[in-house]
Amino acid sequence: MTQSIYILGGHQTDFSVNWAKNGKSLFDLFSDSILRALEKSKLEAKDIEVGHVGNFVAELFAGQGMLGGFFGHVHPDFSGMPAARHEGACASGSLAILAAMADLESGRYDLACVAGVELMRNVSGQQAADNLGAAIYVGEEAQDATYIWPAMFSDLAEEYDRRYGLKYDHLSEISRINFENARRNPNAQARNWEFGNRSFTDDDEQNPVIEGWMRRQDCGQVSDGAAVVFLATEERAKSYADQHGLSMESIPRIKGWGHTTAPMLMQTKLDESADQEYAMPWTRKAITDAYRRAGISGPGDLDAIETHDCFSITEYMAIEHFGITAPGEAWKAIEDGRIGFAGSIPVNPSGGLIGMGHPVGATGVRMLLDASKQVTGTAGDYQVENARNVGTFNVGGSGTTNCSFVVGTAG
């Protein structure tokens, strides 16, 4: 990377809260998260020079567009501040981060606010599923599916089974680990959920089929939530460190990033990757680009990973694409325990999308915030011991938008 981008703090809402049920709006979610982030980070609204918002489908869930215009209603000092919204389905938050980084790297601004937000529990589950279906190639795929995204990722599981063989027990173990991790996280949607003895099996009563390979516990949650981070240039970070009596080595920074976009159709992806080493080569490239820019060789230089587990098969795929195992061998990392909380490379210590929750536009920002907490030792009960470098992977659509970051301390 040409210059370092630092993370000065942020905030995540409690993903278990149903904001509409509590009489709160999309703006309330947006405003509350930003004001709390300012307070926690000891920044003032007048300090922020540019705003970026990650959001997927506020128009469908809340009838609201133009989310950048919300900033001026959060605090009068935001009035007139340049702001923009970014959309890449479930990777919308990561695209907002990348846009903010580009603003800082260009020299236009020194301090950016990045907010990811989604209000999703104000409609029925079926309507939420239909709204989220806007990220497929509409009219060209999943036309017979009742639940679009479980069906799409069941197709990925089917492809894995065809290429390598796939056991459902390995997918269910991913879900079990992530729900267990979520119990440590005070912001996780599923932190207090209880499960039966056969909830993580192929029992049709306790873990019913949603679509194909995907059963209830394989699926990420429909959630309300927001996450905010403040990104700064090195010069601005130094000023912040001096102001608050901090060392630069204690402030987390984005060491590397990767971003690719694949063809939208899942079948086109699978056809194009048929003769390649990895099932999702665009995912692999985003991750290895982040490694390269961070100056690290691979997962052996990471202490933890926050990855996209909208479904258990997505994490299964990511285990291989991070290089934790060879293609077709993710099951080895599941069976030997290395991705568990006490393993050598914990995956989703936060609980991930399955346990933590998945307010779509917030997820990429939440991952970056969690990575920054890990490397500064402030993750609380889900802190990974001695974490210094954490990788993230955030995906939009069926592997269409792929974003990865490596976060670490400056030392």
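Predicted model: local features only at pLDDT ≥ 70, side-chain atom pairs only at ≥ 80, totals over all residues.
Author: Local features need pLDDT of at least 70, side-chain atom pairs count only at pLDDT 80 or more, and totals for chains, interfaces and linings use all residues. Residues are numbered from 1 along each chain as its sequence is written, and side-chain values use heavy atoms, leaving out hydrogens and water.

Reader: Why are helix 7 and helix 11 called roughly perpendicular?

Author: The axes of helix 7 (residues 168-182) and helix 11 (residues 312-321) cross at roughly 100°. Roughly perpendicular covers 65 to 115 degrees (under 35 is roughly parallel, over 145 roughly antiparallel, the rest oblique). Helix 7 and helix 11 are therefore roughly perpendicular.

Reader: What makes the pair of Phe30 and Phe71 edge-to-face?

Author: Rings pair if their centres lie within 6.5 Å; planes over 60 degrees apart count as edge-to-face, under 30 as stacked and the rest as tilted. For Phe30 and Phe71 the centres are 5.1 Å apart and the planes stand at 80°, so the pair is edge-to-face. Phe30 is in helix 1 and Phe71 in helix 3, so the pair ties together parts 41 residues apart in sequence. Both Phe30 and Phe71 are buried (under 20% relative accessible area, with exposed over 50% and partly exposed in between, 1.4 Å probe, protein chains only).

Reader: Why is one side of strand 3 and of strand 9 left without a neighbour in the sheet?

Author: The open sheet has nine strands in the order 3-2-4-7-1-8-11-10-9. Strand 3 (83-86) and strand 9 (304-307) stand at the edges, each with a single partner strand, so one side of each has no neighbour. Strands pair if DSSP finds at least two bridges between them. Strand 9 and strand 10 pair over four bridges, in the parallel sense.

Key
Helix = DSSP H or I, 4+ residues; strand = E, 2+ residues; numbered from the N terminus. Axes fitted to C-alpha atoms, helices over the stretch in contact; angles between N-to-C directions. Phe/Tyr/Trp six-rings, centres within 6.5 Å; stacked < 30°, edge-to-face > 60°.
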